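Trainee: I would like to learn how to read the side-chain features of a model. Please take them one at a time.

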Amino acid sequence: MLQQGNHDVAAHLHWRILFDKGPGSTVDLREVGFFDAQGEDLSVGGVGSASSEYGGSYLKAYLFDKNLNTYYATASGVAYPQWVGYSFLSAVDVRKVRVYPTSSSYPPANVRLQFSDDGAVWSTPQSLIEASGGLAQGL
């Protein structure tokens, strides 16, 4: 997971991570999750989205499917930063973010968190830092 410093501790309807391209030609992810302070995965029942997708067997539908054997990838040749996000049925207070890259060859870089209440106006991106074991603690 990734950890973020101080953010507006409140519930919001839309959450997303922004990221830059790492060393690969795309960014490939196995899974993304948004969690509450108790560690409960909140990414259930809403709608996942992404700014682009590679297609084929690397679809945005796989970002939040709870299956580490499926993959998402950004489209080739797109401008960065790219984003992946989740729209919740009701406002939630995200405290942890989990990002599972597929390999060290195609990871995201400079991961940042944003939230919105309308899906149009987004908060200032807040930097996330990698915590032990790749897990985020205490947003």
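Trainee: Is Thr70 buried or exposed?

Mentor: Buried means under 20% relative accessible area, exposed over 50%, and partly exposed in between, with a 1.4 Å probe and protein chains only. Thr70 has a relative accessible area of 15%, so Thr70 counts as buried. This is a predicted model, in which local features need pLDDT of at least 70, side-chain atom pairs count only at pLDDT 80 or more, and totals for chains, interfaces and linings use all residues. Residues are numbered from 1 along each chain as its sequence is written, and side-chain values use heavy atoms, with hydrogens and water left out.

Trainee: Where is Thr70 placed, and what does the side chain of Thr70 reach?

Mentor: Thr70 is in the loop between β4 (47–50) and β5 (72–73); strands are DSSP runs of E with at least two residues, numbered from the N terminus. A polar contact is a pair of N or O atoms within 3.5 Å; within protein, one must be able to donate a hydrogen and the other to accept it, and residues adjacent in sequence count only if both atoms are side-chain atoms. The Thr70 side chain makes one with the side chain of Asp65 at 2.6 Å, and also reaches the backbone oxygen of Asn67 at 3.0 Å.

Trainee: Which residues contribute the most contacts inside the largest nonpolar core?

Mentor: In soluble globular proteins, nonpolar side chains tend to be buried together. A nonpolar core is a set of buried Ala, Val, Leu, Ile, Met, Phe, Trp, Tyr and Cys residues joined through side-chain atoms within 4.5 Å. The largest one here has 23 residues, and those with the most contacts inside it are Trp15, Ile17, Leu29, Phe34, Leu63 and Val84. Strand β6 (82–92) is among those that each supply at least two residues of this core, and gives the largest share, four residues.

Trainee: How is the pair of Trp15 and Phe115 described?

Mentor: A pair of aromatic rings is described by the distance of the centres and the angle of the planes. Rings of Phe, Tyr and Trp (its six-membered ring) pair if their centres lie within 6.5 Å; planes under 30 degrees apart count as stacked, over 60 as edge-to-face and the rest as tilted. The whole structure has six aromatic pairs. Trp15 and Phe115 form a tilted one, 5.3 Å centre to centre with 50° between the planes. This pair links distant parts of the chain, with Trp15 in β2 (residues 12–21) and Phe115 in β8 (residues 108–116), 100 residues apart. Trp15 is buried at 1% relative accessibility, and Phe115 is buried at 12%.
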